[in-house]
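Work through the exercises below with the sequence and the coordinates at hand, and try each task before reading its solution.

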Amino acid sequence: MESNNQSSGREPTLRLKGQSANHLLSLDVGNSPRQSAIRNRLMHCTRIMKSLLSVRNITKRFARHLPPVAKDVSFEVYTGEIFALLGPSGCGKTTTLRLIAGFERADAGEIFLEGQLLEGEKVHLPPEVRGVGIVFQEYALFPHLSVLGNVVFGLKKLPAKARHERVMEVLEMVGLAPLKDRKPHELSGGEQQRVALARSIATSPKLILLDEPFSNLDAGLRHATREEVRTLLKRTGMSTVLVTHDQEEALSFADRLAVMQGGRIEQIGAPETVYHRPQTPFVADFLGKTNLITGEAEGDYAETPIGRFRLDRAVTGKVLLSLRPEHLTMSVSNNGQGGKIVLREFKGHDLTYRVQIGEQDYLVQTDYRCPFQVGDWVQLRAVEPTVIVEGKEE
Amino acid sequence: MSYSETRPLPPWYFFVPAIAVGTGVLLPLVYLLVRAFEAETAELFQIVFRIRTLYLFGNTLRLAIGVMGSGALLAMPLAWLTTRTDLKGVRFFTLMGVLPLAIPGYVMAYALLGLSGPNGTFAELFGTTLPRFRGYWGALIALSFYTFPYLFLNVRSALLGLDVTIEESARSLGSRSWEVFGRIILPQLRPAFYAGGLLVGLHVLGDFGVVSLMRYETFSYALYTQYTASYDRTYAAWLALMLLALAGSLLYLEARLLREKVFHRAGTGTARGANPIALGRWQIPAYFYLATLVLASVVAPTVAICFWMVKGFDPSHLRDFLEALSGSLMASTPAAFLTAGLAIPLAYLGVRYSSSICRALERGAYIGYATPPLAFALALIFFTLRVVPGVYQTLWILIYAYTLHFLAEAIGPVRSALYQASPRLEETARSLGYPPFKAFLKATFPLLRSGLMVSTAFVFLAAMKELPLTFLLSPVGYETLAVNVWSYTTEAMFAEAAPYALAILIFSALFVGLLLIRDTNQEYRDTIIKVSR
């Protein structure tokens, strides 16, 4: 918070380059007066900063009798930014990606890229003129072409010499120059993925779309590849939209992310904001383990079955609160209040407890030194303000 | 709000050829219908409801049922012996179960006729005269030996796919092995019998060569005599329609039975095969059975052909032979390339577009395949005489008929190749700057090449040995291998027919070789499922 305040106090346009600018923009969530002020200033910055991709109220349905797969989807992607669409399977994230690429026709809404209308009521630019690259989940390498042939595929318009130089430059960049004559089936999964990425980057698209690019890699490789790809994208300043169902991947890979469910966007923001300040029960639950607690709010505090908690903002009436397990701590209960520990899960670097209070179970995450055992009576206390995920604004 | 109800329409360069195929198949058939109803109602009644119709119907049905039954009797023991017992030489006998496909019905009929009778091969070699194969029994034998491999292939793969643990459970519950066979194995083989039976049935209905050579009156044969002998075209049209109706009901019936079964089968693959049953003293009858089968279905016809070939070899006939060969080539080659070319749009629509119109179009090709060739040829003749008389009796109409009839065989390999090629490849090409058709050409087409080569070869070889379409549609005086086998055989000129029969045998053997390389059984089953929907 502190640092954000400082940076937003400076002359924004000077610093609005690359990651720092994106970081700034990611703060557009929160409702306290102070945060609103920050946001207003940021909105101002946004207008100065260049919005690369603008998706506005896009709706798509595949059949009349089915609900829309994407409904009123709107978001902006800024130059040099990595933006993630995160959601469970069937939430419409891939369809949104395919709409941006031009493989599907939108039923309503508009898509702009660098101010040019790609998709609109009477406009549908075909994929080949959009300047949007895509890397599919299964990579879709041309099996009959070598690594070189794959990467050169999109460069037919360049003269032969420039073409070769560009291909070698890109292959060097992804570290595949020595493998240039291999066929796709002679490559490992990670190598195939780098070829697919190189093939897209070679044509210098304005935007790259990544459709679950890491899900075909085994767990060990996935982590390292993710890091490599992120470094590469940042080094080339490539603007990127990533689609994933893996919350950890979205949180660690993206500068900003949108959480989707049932064809709608539930929340957009920086990973930290979306994780710590979820706006809906779905977002709270999807981004990690959480305790959803109903309560009665009165100003900055709420009464709940497990005690009185400070809120992240002032409201009145019935509320649904989200409390991450790591935001709860336990203390010995002397007066018979609180609840009983029913499960203790030791995971090495930390501990997860399941505490039964009344009919309900609550998850608490503590560090490895916590002394409590199953059967102990404990009282819960929040170390951070609880987040309202449902409730009326004051 | 506007909806895109279904996926966008396929591009015109796929859609238009597919529509053309669908129209090409259906238009002549529709015209046949129109032509048949041109007569007065009273006259129609007289034409259709007469004793002769009933007689033909009875004959056709008797032959179809007989061939299916005897085919099953030939195929079932062979399939069981080669999959479930400790028989030696399983690969050889499996091959022998497929090889009869290389001897088309009319070549088999030729061999049977050439073997039997006072001047037959058998009489010459062994001194005793075999009674002449004629009529029902002659047709039954020729068709059974030619078509039983369809049943064998289906039953064999079903036996291999059965879940052995079910049988073992039955044994552990106290069933004896014969009970297991009757109560567990046979019921599970029913879909395979239906699938194979459908193919056999369609072959019998579509057959012209065997019934005409054996002089056994079925719808096809009556159609042929009616067409060549008299000018009562309305009756010919009606016979064709009845033949079509029969093929249609067969398809419908088997499809009903098959649809319920095929999809209810549990997983086909099993990790472990059945423990082979030791034949013990049953070995001798088993080998005797197999030897007889191989002798009758493969060795005897081959020997007969070679015998007549040697006996009547006359170098002066070489010119005629080469003429017939080039006649066959000139029709089959363009048809093969055209068919493979048309298979691309049809397979593409079937695989990539799920809309009902695309599926209907792909099915159009299967109607062309299932339609009895004589009925299709007659429909084409009526149609061209009325609409485009210029092409009647030209090579064009023959190529047209080959193409639409064999298209279904060409679609299979292309479709399998397309399933391997992900749609993402083309989408990637689009996003890399290629317009739709170029994206297809650069990203997908290279992956279809081997499938296309197989398709081309399939159609080429199938057209080389095709008889009824060639017979009715080729230009006057146009000679092909198949037609010459037939016409010499009708005149009992077995020596003259021999080189042509041998050539057909060779082309057919190549065809079977190709079938064996690919997993044909799957493709035929695909065909049936496609037809049935």
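**Exercise 1: a bridge and its sheet**

In the predicted model, Ser54(A) has Phe112(A) as its bridge partner in strand 4 of chain A. Starting from this pair, determine which strands pair here, and in what order the strands of the open sheet follow one another.

Solution. Begin with the two strands: strand 1 (residues 51-60) and strand 4 (residues 108-113) of chain A pair over 5 bridges, and the sense of the pairing is antiparallel. Next, extend the view to the open sheet of chain A, in which 4 strands follow the order 2-1-4-5 with antiparallel pairing. Then look at the edges, which are strand 2 (70-78) and strand 5 (116-119) of chain A, each of them pairing on one side only. Finally, from one strand to the next, the twist averages 20°.

**Exercise 2: a helix across the strands**

Find which strands helix 5 of chain A lies across, and state the angle at which the helix runs to strand 1.

Solution. Locate helix 5 at residues 93-101 of chain A, and note that it lies across strand 1, strand 2, strand 4 and strand 5 of that chain. Then compare directions: helix 5 runs at about 120° to strand 1 of chain A.

**Exercise 3: the chain as a whole**

How many helices and strands does chain A have, and what percentage of its residues count as buried?

Solution. First, the count gives 12 helices and 18 strands in chain A. Second, 52% of the 394 residues of chain A count as buried, a label that requires under 20% relative accessible area. Third, the accessible surface of chain A comes to about 18000 Å², with 50% of it belonging to carbon and sulfur atoms.

Technical notes: Residues are numbered from 1 along each chain as its sequence is written. Chains are lettered from A and ligands numbered from 1 in the order in which they are written. This is a predicted model: local features need pLDDT of at least 70, side-chain atom pairs count only at pLDDT 80 or more; totals for chains, interfaces and linings use all residues. Side-chain values use heavy atoms; hydrogens and water are left out. Buried means under 20% relative accessible area, exposed over 50%, partly exposed in between (1.4 Å probe, protein chains only). Accessible areas come from the Shrake-Rupley method with a 1.4 Å probe; for residues, only the protein chains shown count as cover. Two strands pair if DSSP finds at least two bridges between them. Axes are lines fitted to C-alpha atoms, for helices over the stretch in contact, and angles run from 0 to 180 degrees between N-to-C directions. Contact means heavy atoms within 4.5 Å.
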